[in-house]
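Student: Could you walk me through a structure I have not seen before? I would like to start with charged side chains.

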Amino acid sequence: MIEAMKEIGEYALEKENKDLNDFVSILVENPASNETYKHVFCIKLVSCQKSFEFNEIEHQEYSKEKIVKYLYKRGSSNGPDITPTARVTEINKTFSNKIVGWFSKPLKEAKPILDDEEVQFLELLGKCIKENEDKILLDLEPKVNSIDAKENSILTLIIEENDFIRYVGDFEVFRKILKNNGASKFYSKYGIISKADNKICSICKTHREVYGFVTPYEFYTVDKRGFVSGGFDQSKAWRNNPVCLECALKITAGREYIEKYMSFGFYGFNFLIIPKLLNNSTNEDLFDTFEKFNEKKFTFNKEYKRFLTANENDILEILSEEDDYLNFNFQFYEKSNSAYRILLYIEDILPSRLRDLFKSKEIVDKRKIFSNYYSNDTEVKSIQFTLGNVRWFFPNTLDDPDLNKYFLEITNGIFTGTSIDYDFLLKYIMRRIRKDFRNENPIRYSLFLGFQMLDFLSNLCLLGNYTGGNCVNSTNLSTLLGDMAPKENNGYEERTNVIFSEFEHFFNTDAKKAIFLEGTLVQYLLNIQKFQRGSAPFRTKLRGLNLDERYIKRLFPEIINKLEEYDANYYKELEYLISKYMIQSGNNWKMSNDEISFYFVLGMNLSNLLKSPKPEKEIKND
């Protein structure tokens, strides 16, 4: 990840016209944070032998070409910046805190790295400004206040010496202070200094001064002795991860670029997509895609597919169109105050892998039962697979904190091609469906989301421990059933075969077919009860959708008897099919209660697809 971050940092710095060989160029910030900064007010001092005199306030137009000359670097909000250049808020406060104030504490802190001549230079400069404080402010205020209220300004110093104007960035002493400030965070922490000269940088592999506290994120710390090798001496932290200043600055620039353009939200999490080029070449089109997408300058076509989420914050299909000259790392994390915790890190995902995910998605999205999903009796909608299907069954809830972990583990399995336990998924699918059933809420939506998720994973061959039950090899079924076999093709068998063939990998045993069709039959019974009585008392017989093999077999004749009681048993052909698959399935289905219950509920909710032409009275009841 660090190497990829460095490469991205190099691109970001070059795009900003930063000189990769000039640390100051990298460290300096643009004082014009937006286009409203149009003015620069320069406190002009004239060098006179070994002292300075205040000359005037010079009003200049802001120039992007002078960024390095301004040498701005943001400091604390209430105190001075790193150099005596500042963004103007209230001119009195800015001048007092950012300019006059700079020659107090910041100068004192910088003295250890300066020689005597440099210290004397700065002290004389500060003395001149403090002695002329009232005069400077008197000249400064009316000029700053005269500009358009909608425009902003910058305050800095310029020094005239022998008729030559020099800016803050033209003096090596200020550049040294800026460089030291930029480097100090990489080697100074906890009151400890950790750096070494002429050591090999772990990133660029060259001999340089290296630092011990370089990390793009706060999850790597050496604040506890156990994190430090070499005798638990924090000053030797550079041995753990020696990084030179150039690489440290590139990594930092890469992190900032990634957080700006490659950061996304994902069902309560934050995540980063970090591309890594495999041929060591910079692909500007790729970075341009991230930038346009982040700045909402990307135009979606009508067929644009979403995989992560159902909204437009989904860039994956665009990335899947890339060739395999790069891969992607996904970093899911949470940040609380200063703590940064990586929840999941997925490495080396090729664009071709993303294409595989979209191919599987396209297959399941086109299934008729998903593309013509009835959200109610009249409205037809399509259900398209996204990772929202998974999140539906593994929500972010205080009731079960482990669900977040499971959701990320499944996400990891999908991207990396790691199998996901079938029984585990069924457990949580049925947990959600049973909860809806107990609360007398519709179960259809949860059922379809679960079925689509399993179908998607099955197409990717990611369902672990997915097996069928033992089947009886019945070569002469007509002998077993005697006169029950129909003389000609029945409508139910044709319609069920359409579903069984479309989802062949799910209906791979006769037991599953029998359970599915029994669920269909019980739904017909519930419909008839609802029509004739206004209620469906047989619903209580379903044991809260917690079913097993024994109960399924026991329930079948009870359903038939109840249909006979209502004088509404229009389903002889369907009952024949159930009997046929029951016989062929034998005993010991080796199916969990969750799996049996799932296929049963699936039959209940697809029952409308199996309806056959019926007499008028049956149409009214069903």
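Student: Which residue forms a salt bridge with Asp-400?

Tutor: Asp-400 pairs with Arg-431, and their closest N and O atoms are 3.5 Å apart, where a salt bridge is a side-chain nitrogen of Lys or Arg within 4 Å of a carboxyl oxygen of Asp or Glu. Please keep in mind that this is a predicted model, in which local features need pLDDT of at least 70 and side-chain atom pairs count only at pLDDT 80 or more, while totals for chains, interfaces and linings use all residues. Residues are numbered from 1 along each chain as its sequence is written, and side-chain values use heavy atoms, with hydrogens and water left out.

Student: Where do Asp-400 and Arg-431 lie?

Tutor: Asp-400 is in the loop between α14 (388–393) and α15 (402–416), whereas Arg-431 is in helix α16 (residues 422–438), so the pair links distant parts of the chain, 31 residues apart. Helices here are DSSP runs (H or I, at least four residues), numbered from the N terminus, as are strands (E, at least two).

Student: How many salt bridges are there in the whole structure?

Tutor: A search of the whole structure finds 38. One of them joins the side chains of Lys-250 and Glu-10, at 3.2 Å from N to O. Because Lys-250 lies in helix α9 (residues 245–261) and Glu-10 in helix α1 (residues 2–15), this pair ties together parts that are 240 residues apart in sequence.

Student: And is Lys-250 buried or exposed?

Tutor: Lys-250 is buried, with a relative accessible area of 6%, while Glu-10 counts as partly exposed at 22%. Buried means under 20% relative accessible area, exposed means over 50%, and partly exposed is in between (1.4 Å probe, protein chains only).

Student: Which residues are linked with Lys-250 in a network of salt bridges?

Tutor: Lys-250 is linked in that network with Glu-10, Arg-208 and Glu-246.

Student: Changing topic, how do α9 and helix α10 cross?

Tutor: The axes of α9 and helix α10 (residues 284–294) come within 9 Å and cross at roughly 50°; axes are lines fitted to C-alpha atoms, for helices over the stretch in contact, and angles run from 0 to 180 degrees between N-to-C directions. The two helices, α9 and α10, are therefore oblique to each other, since angles under 35 degrees count as roughly parallel, over 145 as roughly antiparallel, 65 to 115 as roughly perpendicular and the rest as oblique.
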